[in-house]
Amino acid sequence: MGSEPAPALDACPLCRSVLRGGEASCPDCGADLAPYRDIRQLAGRYLALGRDLISRGALAQAKEVATQLPQLTSEYRAEIAELVVRIALAERDWATARQALTDCSPAVAAQQQAELGEQSSQSQLARELYNHALTAARRGAYPLAASQLAQAVELDPLDASLWQL
């Protein structure tokens, strides 16, 4: 599967005996550790793929990777949660982002929480400007309505409902 070194295991997946490093088998129970290293390495590749897909804007594919990863391993729970949060933020799905934050590492959770707060407040402000634009249009103040609508779209360009009166 490539020339990357197999990631080290901290403990035997079967008996939980502490491992020192690159053992081929568990010193206590004799289990072959190669398949577990392969799974861990594959999971790491899928994490990298998910991050790459997000950076390229392929959110549907990234979401599929994030959905399938927990079936492969439970070792990368915080990293998978970070993928889910990043996808949810990109899709403006605040509830999913908040829920996934609980499984992120504290440092990532703090950073993503700040991003979530900023995005949701911008979205709320955009929605308020949109409502003011509707009110102004109903009163016949079309230049004001157009200005407020333009500001709303600038704040949250991904919300298609802001593009119409």
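Modeller: Before we start, exposed here means over 50% relative accessible area, buried means under 20%, and partly exposed is in between. Also, this is a predicted model.

Colleague: Got it. Is Leu 14 buried or exposed, then?

Modeller: Leu 14 is exposed, because its relative accessible area is 56% and the cut-off for exposed is over 50%.

Colleague: Where does Leu 14 sit in the chain?

Modeller: Leu 14 is in the segment before helix H1, and H1 covers 34-55.

Colleague: And what does Leu 14 touch, leaving out residues up to four places away in sequence?

Modeller: Leu 14 touches Cys 29, Ala 31 and Tyr 36. Cys 29 is 15 residues from Leu 14 along the chain, and their C-alpha atoms are separated by 8.0 Å.

Colleague: Let's zoom out. How many helices and strands does the protein chain have?

Modeller: The chain has 6 helices and 0 strands. Along the sequence that reads α-α-α-α-α-α.

Colleague: What's the radius of gyration, next to that of a compact globule?

Modeller: The chain has 23 Å, while a compact globule of 165 residues would have a radius of gyration near 15 Å. The C-alpha trace spans about 80 × 30 × 20 Å along its principal axes.

Colleague: What share of the residues count as buried?

Modeller: Of the 165 residues, 36% count as buried. The accessible surface of the chain is about 9800 Å², and carbon and sulfur atoms hold 54% of that.

Colleague: What about contacts between residues 24 or more positions apart?

Modeller: Those account for 45% of the contacts with a separation of 6 or more.

Colleague: On to charges. How many salt bridges turn up in the whole structure?

Modeller: The search finds 6. One of them joins the side chains of Arg 40 and Glu 75, at 3.0 Å from N to O.

Colleague: Which parts of the chain does the Arg 40 and Glu 75 pair tie together?

Modeller: Arg 40 is in helix H1, and Glu 75 is in the loop between helix H2 (59-72) and helix H3 (77-90), so the pair ties together parts that are 35 residues apart in sequence.

Colleague: Are those two buried or exposed?

Modeller: Arg 40 is buried, with a relative accessible area of 15%. Glu 75 is partly exposed, at 46%.

Colleague: Which residue does Glu 91 form a salt bridge with?

Modeller: Glu 91 pairs with Lys 63, and their closest N and O atoms are 3.0 Å apart. This pair links distant parts of the chain, with Glu 91 in the loop between H3 and helix H4 (94-101) and Lys 63 in helix H2, 28 residues apart. Glu 91 is partly exposed, with a relative accessible area of 33%, and Lys 63 also counts as partly exposed, at 39% relative accessibility.

Colleague: And what does Asp 103 meet in a salt bridge?

Modeller: The side chain of Asp 103 meets that of Arg 77, at 2.9 Å from N to O. Asp 103 is in the loop between H4 and helix H5 (106-138) and Arg 77 is in helix H3, so this pair ties together parts 26 residues apart in sequence.

Colleague: How accessible are Asp 103 and Arg 77?

Modeller: Asp 103 counts as partly exposed, at 31% relative accessibility, while Arg 77 counts as exposed, at 54%.

Colleague: Now H4. Which residues are buried there?

Modeller: In H4, Trp 94, Ala 97, Ala 100 and Leu 101 are buried. Seen down the axis of H4, its buried residues fall within an arc of 135°, so they line one face of the helix.

Colleague: Last one: which helix is Gln 119 in, and is Gln 119 buried or exposed?

Modeller: Gln 119 is in helix H5. Gln 119 counts as buried because its relative accessibility is 12%, and the cut-off for buried is under 20%.

Colleague: What is Gln 119 in contact with?

Modeller: Leaving aside its neighbours within four places in sequence, Gln 119 is in contact with Leu 89, Arg 92 and Trp 94. The side chain of Gln 119 also makes a polar contact with the side chain of Glu 115, at 2.7 Å.

Technical notes: Residues are numbered from 1 along each chain as its sequence is written. This is a predicted model: local features need pLDDT of at least 70, side-chain atom pairs count only at pLDDT 80 or more; totals for chains, interfaces and linings use all residues. Side-chain values use heavy atoms; hydrogens and water are left out. Helices (H or I, at least four residues) and strands (E, at least two) are DSSP runs, numbered from the N terminus. Buried means under 20% relative accessible area, exposed over 50%, partly exposed in between (1.4 Å probe, protein chains only). Contact means heavy atoms within 4.5 Å. A salt bridge is a side-chain nitrogen of Lys or Arg within 4 Å of a carboxyl oxygen of Asp or Glu. A polar contact is a pair of N or O atoms within 3.5 Å; within protein, one must be able to donate a hydrogen and the other to accept it, and residues adjacent in sequence count only if both atoms are side-chain atoms. The arc is that of the directions from the helix axis to the C-beta atoms. The radius of gyration is taken over C-alpha atoms; the globule rule is 2.2 Å times the number of residues to the power 0.38. Accessible areas come from the Shrake-Rupley method with a 1.4 Å probe; for residues, only the protein chains shown count as cover.
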